[in-house]
Amino acid sequence: DDSYPFVRRRSLNGVPSYGRTTVTPPLTPGGHPVELKRIITSREYNTLTNDYPDPDRHVILQKRISFIHLGQACQIHCYLSPRTDLSILHVQG
């Protein structure tokens, strides 16, 4: 089985929310991976990150800046860890 899970903590104005995503590879060539997402509690998040860390994965910290430019939604992802020299701009039509 090549599927893998990961957990995420997001904060908005200091209020965190937690989620767990399980990604399953495409079932057919050229297909899309399937992502199963669910909301988890802070206790479950802490258990998964503290008691069952995956040594093959890194904790990624990023800051997102969202804004509208010429009617298009934009986000800048500024990575803080493990790299600090990377930012990515996403523009949605």
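The following dialogue examines how terms are applied to this predicted model.

Biologist: What conventions apply to the model?

Modeller: The model is predicted, so local features need pLDDT of at least 70 and side-chain atom pairs count only at pLDDT 80 or more, whereas totals for chains, interfaces and linings use all residues. Residues are numbered from 1 along each chain as its sequence is written, and side-chain values use heavy atoms, with hydrogens and water left out.

Biologist: Which helices and strands does the chain have, and what makes a run count as one?

Modeller: The chain has one helix and six strands, in the sequence pattern β-β-β-α-β-β-β. Helices (H or I, at least four residues) and strands (E, at least two) are DSSP runs, numbered from the N terminus.

Biologist: How does the radius of gyration of the chain stand against the rule for a compact globule?

Modeller: The radius, taken over C-alpha atoms, is set against 2.2 Å times the number of residues to the power 0.38. For 93 residues a compact globule would have a value near 12 Å, but the chain has 16 Å. The C-alpha trace spans about 45 × 40 × 25 Å along its principal axes.

Biologist: Why is threonine 21 called buried?

Modeller: Buried means under 20% relative accessible area, exposed over 50%, and partly exposed in between (1.4 Å probe, protein chains only). Threonine 21 has 7%, and therefore counts as buried. This residue lies in strand E2. Of the 93 residues of the chain, 10% count as buried.

Biologist: Which class does serine 17 fall into?

Modeller: Serine 17, also in strand E2 (residues 15-24), has 42% relative accessibility and so counts as partly exposed.

Biologist: How do you know that E5 and E6 are paired?

Modeller: Two strands pair if DSSP finds at least two bridges between them. Strand E5 (residues 72-81) and E6 have six bridges, in the antiparallel sense. Isoleucine 76 stands opposite leucine 89 in E6, and glutamine 75 stands opposite histidine 90 in E6. A hairpin of five residues joins E5 to E6.

Biologist: What makes E4 and E6 the edge strands?

Modeller: The open sheet of three strands has the order E4-E5-E6, with antiparallel pairing. Strand E4 (61-69) and strand E6 (87-92) each have a single partner strand, so one side of each is left without a neighbour in the sheet.

Biologist: What makes Ile65, Phe67, Leu89 and Val91 a nonpolar patch?

Modeller: Patch residues have over 30% relative accessible area and no salt bridge; nonpolar side chains (Val, Leu, Ile, Met, Phe, Trp, Tyr) are joined within 5 Å, and like charges within 9 Å. Phenylalanine 67, for instance, is partly exposed at 35%, and is found in strand E4. Together the four residues have about 330 Å² of accessible area, computed by the Shrake-Rupley method with a 1.4 Å probe, where for residues only the protein chains shown count as cover. E4 and E6 each supply at least two residues of the patch.

Biologist: Why is the contact between aspartate 85 and arginine 83 called a salt bridge?

Modeller: The term requires a side-chain nitrogen of Lys or Arg within 4 Å of a carboxyl oxygen of Asp or Glu. Aspartate 85 is exposed at 58%, whereas arginine 83 is partly exposed at 44%.

Biologist: How many salt bridges does the structure hold?

Modeller: The structure holds four, including glutamate 35 with lysine 37 at 3.7 Å and arginine 57 with aspartate 54 at 3.6 Å.
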